[in-house]
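Colleague: I have not looked at this one before. Can you walk me through it?

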Amino acid sequence: MLLLLLIAISVIQVSSPAEELFLESTSSGIPKMDIAVVDFVRKNLGPGSTGAAKPHEVIVNDLKLSGRFNVFPMNTLDTVTMHKKNIAVFIEGTIDQSKGNTIFECFLHDAYSLNLITGKRFNVKDNAVRKAAHLFSDEVVYQLFGEKGIATTKIVCTMRGPKGKDVCVLDYDGYNPVYITRNNYINLTPAWSPDNQAVYYTSYRDKTPALYKTFIYTGQTVRLTPNAMLNFSPTSNPIDSRIAFASTVHGNSEIYIMEGDGTDIARLTFQGSIESSPCFSPNGYEITFTSDRTGSPQIYIMDSEGTNVRRLTFEGKYNASPSWSPKGDKIAYQSMVEGVFNICTIDIEGGAVQQLTTKSGNNEHPSFSADGRLIMFSSTRAGASDLYIMNADGSNQTRITTGGGYEFPEWSGR
Amino acid sequence: MSMPAALLESVKRDPFKKAVTVSLVLHLFVIISFTLHDMMKPRQVVKKAYLFDMVNTRPQPRRFAAPPVAKPREVKKQEPAKKTVEKPKEKAISTKKAKKEEKQKEEPKEQLQDEPKETVQEKDAPQTLQNEMTISQPDFPFKYYYQQIINAVERNWNPPQELLGSEMQLAVEVKFRLLKNGQVTDLEISESSWNTILDKLALRAIEKARIPPIPGDESELTITYRLVLSRN
């Protein structure tokens, strides 16, 4: 009898009609555009010129990294081949070097009618050729997609020094490193200020790990936290430039918020667990952070006053270092899969977890580009820790630094 | 086997247990019969959630929205000379046949003669209505720009099939002015699909599109864009 009853109950449970709901999105992003880049014509190789500058190579690299183009480098202008390959636009130019000065002109043409879409003329010192080429790449992206490119953005990261770790700023493609700190102490977790003029980071330079702010163009450094405890992983609010950070002032690590000059410190989380690595949403209203309040580190979201905390990730046993996409729709984080960290993204509603990296080695500290199309991260897949760029869907993973020792990348705004 | 037998014995002896057993059997019968009845019922398909018919505020029937509308439009376009020249160009672009465009550009006179033939063909098969963009300036030379606008707009054009209802196709035509920096102004519906939701989706697809700045000397373009939702 009991058996029958159990069977009846189980039948009832199974037969309860389930409402099935399918939401499907078929759009697959912007289609890539075919573009040809013709080697720049070198004219008037004057005395004292090295002939080393090759802006077209920089432009080719920029366009490839941007994830918007199929790039076809060409030695000479060949419209027949371009028509065969159905290439829509092409870039050509001239370069003229003399006495440490480089003059180069770049032109973007329509490949069918050969009409000029845009053209730029740069007169720069030899060491600024890369920057000028980045500027033209951004102009090309703007003219063809109506959106500013990210070729002139920078990365701040830590680099292994002789004794400690130093904070340095790189071009987004890994060139032109500039050291922000050059002390023999450990400097960690750098982050940009919203105006891209300053860098926040943790440093042991006064023996205790405190937060510092260094203006990258003047070198002026300010200490922000007076306490002697561990203060780390700062992040700035893109709207009002307040700083959220993690600190162990009250015993265990909690999230705090303060003004950009270090005043008005307020505590946001009051758990007995470890809270760390905060990151603001693009509108500045919310903070995503890591917490192990349920036993394992997971990603949470709260309002910027510390209220309305909700858990975001439920897959995986170790999810950390979240980074909010500039468009606000996704959060990238590192997740432990089979003993190594991989980069994943998740929708902010909590669905659609997408694992972006699968190669061996730890892939850590994702950071979105300002247009939300690319993700920068550090990876040990080639041995030492280097920086990589990939498209936000995980394709086109490109290594941008060599030599190892690069960690904690953080992409600047435009 | 001894356990159920002993159980039955005890049930027979005790009147209370007997009553309980009868009640249980009856209950089970009722529960199972309800369950079976529920399972037998043909399930409602989820589609129901997406049938937006009831929101449709316009009283007109949908027969105006379907392909037949396209026919008079095709005939109209034969009258002005400018439009007939430019029309095949856009079609070629939307099908990505770049080479054809060039030939057409070289021999514009022949196109005029070819034009009626094409429309006749379309009349034979009215259901092949497709998204189509028309730029008012007939000699706008930048071919890539057509494709960029199409990409920018159709990235946002993904209306649900359920909006079709019983129709095979719904078409909405919007008209807007494009400023030099790619900004859309004066956006309006020039030919409604008589489905308010589809109309709104069309407007939103244009509004949300991030269109690149206009290349060359042209400071402003007027664009007519026909967006079609057809059954897969």
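Modeller: Start with a pair in a sheet: the bridge partner of Ile257(A) is Ala266(A), which sits in E17(A). Keep in mind that this is a predicted model.

Colleague: How many bridges are there between E16 and E17 of chain A, and in which sense do they pair?

Modeller: Strand E16, residues 254-258 of chain A, pairs with E17(A) over 2 bridges, in the antiparallel sense.

Colleague: What is the strand order in that sheet?

Modeller: The order is E14-E15-E16-E17 in chain A. The sheet is open, has 4 strands and is paired antiparallel.

Colleague: Why is one side of E14 and of E17 in chain A left without a neighbour in the sheet?

Modeller: Strand E14 (231-236) and strand E17 (266-267) of chain A are at the edges and have a single partner strand each, so one side of each has no neighbour in the sheet.

Colleague: What about the sheet with E18 to E21 in chain A?

Modeller: That is an open sheet of 4 strands too, in the order E18-E19-E20-E21 of chain A, with antiparallel pairing. Its edges are strand E18 (275-280) and strand E21 (310-311) of chain A; each has a single partner strand, so one side of each lacks a neighbour in the sheet. Strands E19 (residues 286-291) and E20 (residues 298-303) of chain A are joined by 6 bridges. There, Ile287(A) has Met302(A) of E20(A) as its bridge partner.

Colleague: Changing topic, how is chain A divided into domains?

Modeller: Domain 1 covers 33-145 and domain 2 covers 154-411 of chain A. Their C-alpha centres lie 35 Å apart. In the contact, domain 1 of chain A supplies 4 residues and domain 2 of chain A supplies 9 residues. On the domain 1 side of chain A, the residues touching domain 2 are 1 nonpolar, 2 polar and 1 charged.

Colleague: And which residues have the most contacts inside the largest nonpolar core?

Modeller: Ile35(A), Val89(A), Phe90(A), Ile91(A) and Val153(B), in a core of 65 residues. Helix H4 (residues 129-145) of chain A gives the largest share of this core, 8 residues. Leaving out residues up to four places away in sequence, Ile91(A) touches several others, including Ile35(A), Ile59(A), Phe107(A) and Val140(A). Another core lies apart from that one and has 64 residues, among them Ile150(A) and Leu312(A).

Colleague: What does UniProt list for residues 20-37 of chain B?

Modeller: The unreviewed UniProt entry lists residues 20-37 of chain B as "transmembrane region". In the model that span is 100% helix and 0% strand, and its end C-alpha atoms lie 25 Å apart.

Note on methods: Residues are numbered from 1 along each chain as its sequence is written. Chains are lettered from A and ligands numbered from 1 in the order in which they are written. This is a predicted model: local features need pLDDT of at least 70, side-chain atom pairs count only at pLDDT 80 or more; totals for chains, interfaces and linings use all residues. Two strands pair if DSSP finds at least two bridges between them. UniProt positions are given in the numbering used here, feature names are shortened, and annotations may be inferred rather than shown by experiment. Domain bounds come from an automatic or database domain assignment. Two residues are in contact if their C-beta atoms, placed from the backbone, lie within 7 Å. Ala, Val, Leu, Ile, Met, Phe, Trp, Tyr, Cys and Pro count as nonpolar, Asp, Glu, Lys and Arg as charged, and the others, Gly among them, as polar. A nonpolar core is a set of buried Ala, Val, Leu, Ile, Met, Phe, Trp, Tyr and Cys residues joined through C-beta atoms within 7 Å. A residue is buried if 20 or more other C-beta atoms lie within 10 Å of its own, exposed if 12 or fewer, and partly exposed in between; C-beta atoms are placed from the backbone.
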